[in-house]
Amino acid sequence: MTPKWHFLTGIVAGLLAYFYFDVSVFYSVVLFLSCFLIDVDHYLFYAFYKKDFSFFSARRWCFYHMMKHKASTYGVRRKSRYPFFIFHGLEVIVPLYFISFIYPVLFFVFLGFFIHWVEDIIMDLIYPGGANKFSIVLAIWDFIDKKGVEIGCFD
Ligand SMILES: [Zn+2]
């Protein structure tokens, strides 16, 4: 899913939290921000992988690969090498939920990440064979394993 849709669902989630579930302004804003700022890991991957800290180059690179990913067949996608995203995985999302028992603000970070993650998983079901969003460890493993194959980047 593109950042624009994550941003829009973040607005809806934040407004619902505030108006329907009576959540404070601060927590509603945290929820809204968490719905799309999780994708900062795409930038981090690009910055360290390409050694280029330009936000606009990273954005261009991600969009180029996203379009390429969508246009590819399942077979090509399966063989492609995908980046790993350090916030997109159960290794971050599940602990966030449990740590939120101690720090309640993290519950809204967890909720934002979870909403975003579900949206990404739905897109991965529509375009299967892409980056592993379930496990960061497996995604890193896959990244190391598929050396030399063209790299892709998706939501
Ligand atoms: Zn994402």
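**Overall fold**

Modeller: Along the sequence, the chain runs α-α-α-α-α-α-α-α. This is a predicted model.

Biologist: How many helices and strands are there in the chain?
Modeller: The chain has 8 helices and 0 strands. Its radius of gyration is 16 Å, close to the 15 Å that the globule rule gives for 155 residues, so the chain is as compact as a globular protein of that length.

Biologist: What box do the C-alpha atoms fill?
Modeller: Roughly 50 × 30 × 25 Å, along the principal axes.

Biologist: And what share of the residues count as buried?
Modeller: 33% of the 155 residues. As for contacts between residues at least 6 apart in sequence, 71% join residues at least 24 apart.

Biologist: On to the core. Which residues touch the most other members of the largest nonpolar core?
Modeller: Ala13, Leu31, Cys35, Val109 and Phe113, out of 28 residues in that core. Helices H1 (3–20), H2 (25–37), H3, H4, H7 (105–126) and H8 (136–145) each give two or more residues to this core. H7 gives the most, with 6 residues.

Biologist: What does Ala13 touch, not counting residues up to four places away?
Modeller: Leu31, Phe32, Cys35 and Ile115.

Biologist: Let's look at H2. Which of its residues are buried?
Modeller: Ser28, Val30, Leu31, Phe32, Ser34, Cys35 and Phe36 are buried in H2. The buried residues of H2 pack against H1 and H7.

Biologist: How does the span of H2 compare with what it should be?
Modeller: It agrees. H2 has 13 residues, so at 1.5 Å a residue it should span 18 Å, and its end C-alpha atoms are 18 Å apart.

Biologist: Switching to loops. Where is Phe53?
Modeller: Phe53 sits in the loop between helix H3 (40–50) and helix H4 (55–71).

Biologist: Is Phe53 buried or exposed, and why?
Modeller: Exposed, because Phe53 has 12 C-beta neighbours inside 10 Å, and 12 or fewer counts as exposed. Tyr43 is 10 residues away along the chain, with 8.2 Å between the C-alpha atoms of Tyr43 and Phe53.

Biologist: What about Tyr127? Which loop is Tyr127 in?
Modeller: The loop between H7 and H8. Tyr127 counts as partly exposed because it has 16 C-beta neighbours inside 10 Å.

Technical notes:
Residues numbered from 1 in each chain as written. Predicted model: local features only at pLDDT ≥ 70, side-chain atom pairs only at ≥ 80, totals over all residues. Helix = DSSP H or I, 4+ residues; strand = E, 2+ residues; numbered from the N terminus. Buried ≥ 20, exposed ≤ 12 C-beta atoms within 10 Å, placed from the backbone. Core = buried A, V, L, I, M, F, W, Y, C linked by C-beta atoms within 7 Å. Contact = placed C-beta atoms within 7 Å. Expected span 1.5 Å × (residues − 1). Rg over C-alpha atoms; globule rule 2.2 N^0.38 Å.
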